Amino acid sequence: MIDITYGAPPAERTAAALGYFDGLHLGHIGVIGAALAQRELKPAVFTFNCDTTLPKFRSPEDIISFENKCELLEKIGVEYICAPDFAEVCTLTDEDFVRELLYKRLNAGFACCGRNFRFGLGGYGTPERLTEIGAKYGIAVQIVEDVCLDGEMISSTHIRELIRNGAIEQANRLLGYELQFRLPVVSGNRIARTLSFPTINQIIPKTNVIPRFGVYASYVSIRGRNYRGITNIGIRPTVADGGETVMETHILNFSGELYGEKIAVSLVKFLRPERKFAGLDELKEQIARDIAEINKIERNGK
């Protein structure tokens, strides 16, 4: 996928899907799918870089990082992305937005968006207005209806709520993939090593939605290989009195140092709430029980 945010526009006309696409859930994929269906045009996405956008312009809590968003977009076949900081374009009028970004920057011949998409100064641009202005610049427009699953509309707000409540399996179902954190490994207190369950420690950014504190079955991607994991998210009440929230993962059947590497951890099932144990022996016994349960879990229901 080619990033044309500040580069030359594509030589070929594009079909551009428009949206913030926080989480890139199945509803968003419905919008992007309309662009992918335009076989005579190159599929593109216009979105915003959630990692750099100022807090007052961004989602309250991002479901995935911009890096993960780009990886998923490339995987489904998007060839171009334009992702400026929202603050850079929020003063454009609705017509300026279409002319400068869609017509000139993206060389769009087709654009699609959800019914709730807004653009231009003050957010006054509606999908209907996009259709009207797009016609002046030779851009056909498709308004994509909301996507429902089992009669329920898919929304980022609902998915965030599910994640906060630990309903990770349901959240993953609406996302269409496993919730993943790709974060650098930082130093921990190394207490887990004394329990024969070494862990990697990662800090979830404050701008991300924080899953319910507790223990999760997970999968960990390391240098092209996937491993089962047991992930604790919280403040580690047995071994630390307060402190910052961390994501701590024991990786089954793996040994080696990962400090400083960016490691992807995917959450697949909530096992139990975080709690304080009477001592390290009791904690060690519980971890062994958790691992036994994790080994029974089949990924994606397979």
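The paragraphs below follow helix H6 and its packing against helix H7, and then turn to Leu101 in helix H4 of this predicted model.

Helix H6 spans residues 156-164, and within this helix Ser156, His158, Ile159, Arg160, Leu162 and Ile163 are buried. The cover over these buried residues is drawn from several elements, including helix H1 (26-36), strand E8 (152-153), helix H7 (168-175) and strand E11 (214-222). Just after H6, Gly166 adopts a positive phi of about 80 degrees.

Two packed helices are described by the angle between their axes and the distance between the axes. For H6 and H7, the angle is about 155 degrees and the axes lie 8 Å apart; since angles over 145 degrees count as roughly antiparallel, the two helices are therefore roughly antiparallel to each other. The crossing in which H6 passes H7 is left-handed. On the H6 side, His158, Ile159, Leu162 and Ile163 take part in the contact, and they meet Ile168, Gln170, Ala171, Leu174 and Leu175 of H7. By residue class, this contact between H6 and H7 comprises 7 nonpolar and 2 polar residues, with no charged ones.

Elsewhere in the chain, Leu101 lies in helix H4, which covers residues 94-105. Leu101 has a relative accessibility of 3% and so counts as buried, the cut-off being under 20%. With its neighbours within four places in sequence left aside, Leu101 is in contact with Phe46, Val89, Leu92, Asp96 and Leu106.

Key. Residues are numbered from 1 along each chain as its sequence is written. This is a predicted model: local features need pLDDT of at least 70, side-chain atom pairs count only at pLDDT 80 or more; totals for chains, interfaces and linings use all residues. Side-chain values use heavy atoms; hydrogens and water are left out. Buried means under 20% relative accessible area, exposed over 50%, partly exposed in between (1.4 Å probe, protein chains only). Helices (H or I, at least four residues) and strands (E, at least two) are DSSP runs, numbered from the N terminus. Contact means heavy atoms within 4.5 Å. Axes are lines fitted to C-alpha atoms, for helices over the stretch in contact, and angles run from 0 to 180 degrees between N-to-C directions. Angles under 35 degrees count as roughly parallel, over 145 as roughly antiparallel, 65 to 115 as roughly perpendicular and the rest as oblique. A crossing is left-handed if the near helix is turned anticlockwise from the far one by less than a right angle, and right-handed if clockwise. Ala, Val, Leu, Ile, Met, Phe, Trp, Tyr, Cys and Pro count as nonpolar, Asp, Glu, Lys and Arg as charged, and the others, Gly among them, as polar.
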